[in-house]
Amino acid sequence: MTSHSAPDEQRALVTGATAGIGAAFARRLAADGWHLVLVARDADRLADMAAELRERHGRDVEIISTDLSTDDGCVVVERRLVADAPIDLLVNNAGISLNKPFLRSSAEDEARLLRLNVHAVMRLTLAALRPMTDRRRGAVINVSSVAGFGAVMPGSTYSASKAWVTNFSESVGQSARPFGVRVMALCPGYTRTEFHQRAGINMSKTPDWMWLQADDVVDEALRDLRKGKPVSVPSWRYKLAVAGLRHAPRRLLHAVSRDTRGRTGRDVN
């Protein structure tokens, strides 16, 4: 991870690879000479993405169609992470949010969010780090969020899951660094992807200046990874936002927070 180009044998595994930041990582890494393993639920979109990258860049592209919110889905990817043709870069990008506040949610939906945003990230990072530390090379990028630096969306547990991802990445990164392996949390702000649309979240009132482009997020992430940063926050505007979230009094933060999913409480007859 010391230059834009990579030797022919290097491989990256990207989860949530068919759209948004995951797709931007896949296209950028293929253009930089990486072979790829792409993971997502939609087999048809995976096949289309793989065909595009093979044709355009001449890279080997494996696909794994599985649901990482399930134990069986995690096992499939864990096996690939420890198989021959080793993985040199893992990008844990798959994640979800919910279009409902906690008091109107269900235990099943909340558990699925935690399984994908937290449990799968933990399992795949652990599976990847064992062979990486043995080889004394490799890197993991865990896609987190600026939202993880504060409870900025009343009633949402998404920010709590991303707070875990950032803290987890910083912590295990300290353990992996002596073995020549980097772990970095990538914390973008609002990024133009399918993420909010899939969650059914109406973002039409979000100002244009707050939106980032997925390709720009990936560019800055890879630069920060090469610099050895434990946390990457793309764009100066979100760096300022994170500084505010970290240092603002909690009472002030709660006062200015807004619920992007509608009402925050229980339905009242």
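Ala23, Ala26, Arg27, Ala30 and Ala31 of helix H1 meet Met49, Glu52, Leu53 and His57 of helix H2. Sort these residues by class, and the contact of H1 with H2 has six nonpolar, one polar and two charged residues. The model here is a predicted one.

Now look at how the two helices lie. Two packed helices are described by the angle between their axes and the distance between the axes. H1 covers residues 20-31 and H2 covers residues 43-57. Their axes come within 10 Å and cross at roughly 25°. H1 is therefore roughly parallel to H2, since angles under 35 degrees count as roughly parallel. The crossing of H1 and H2 is right-handed.

Step back to the whole protein. Its secondary structure comes to nine helices and seven strands. Of its 269 residues, 52% count as buried. Take the contacts with a separation of 6 or more: residues 24 or more positions apart account for 72% of them.

Next comes the sheet. In what order do the seven strands stand? Follow S3-S2-S1-S4-S5-S6-S7. The sheet is open, and the pairing is parallel. Strand S3 (61-65) and strand S7 (231-232) are the edge strands, and each pairs on one side only.

Go to one pair inside this order. Strand S1 (residues 11-15) and strand S2 (residues 35-40) pair in the parallel sense over five bridges. Leu13 stands opposite Val37 in S2. H1 packs on the sheet as well. H1 touches S1, S2, strand S4 (89-92), strand S5 (138-143) and strand S6 (181-186). The direction of H1 makes about 165° with that of S1.

Ile64 is found in strand S3. Is Ile64 buried or exposed? Ile64 has a relative accessible area of 12%, so it is buried. Leave aside its neighbours within four places in sequence. Ile64 is then in contact with Val37, Leu38, Val39, Ala40, Leu46, Val76, Val77 and Arg80. Consider Ala40 from that list. Ile64 and Ala40 are 24 residues apart in sequence, and their C-alpha atoms are 6.7 Å apart in space.

Ser232 has a relative accessible area of 0%, so it is buried. What does Ser232 touch, not counting residues up to four places away in sequence? The partners are Met184, Ala185, Leu186, Cys187, Glu220, Ala221 and Asp224.

Finish with two loops and the backbone angle phi. Most residues other than glycine have a negative phi. Ala85 has a phi near 55°, a positive value in a residue other than glycine. Ala85 sits in the loop between helix H3 (71-81) and S4. With a relative accessible area of 30%, Ala85 is partly exposed.

Arg136 also needs a look. Arg136 is not a glycine, yet its phi is positive, at about 60°. Where does Arg136 lie? Its place is the loop between helix H4 (107-135) and S5. Arg136 has a relative accessible area of 53%, so it is exposed.

Definitions and conventions: Residues numbered from 1 in each chain as written. Predicted model: local features only at pLDDT ≥ 70, side-chain atom pairs only at ≥ 80, totals over all residues. Heavy atoms only, no water. Axes fitted to C-alpha atoms, helices over the stretch in contact; angles between N-to-C directions. Helix = DSSP H or I, 4+ residues; strand = E, 2+ residues; numbered from the N terminus. Parallel < 35°, antiparallel > 145°, perpendicular 65-115°, else oblique. Left-handed = near helix turned anticlockwise from the far one by under 90°. Contact = heavy atoms within 4.5 Å. Nonpolar A, V, L, I, M, F, W, Y, C, P; charged D, E, K, R; others polar. Pairing = 2+ DSSP bridges. Buried < 20%, exposed > 50% of the residue type's maximum accessible area, 1.4 Å probe, protein only.
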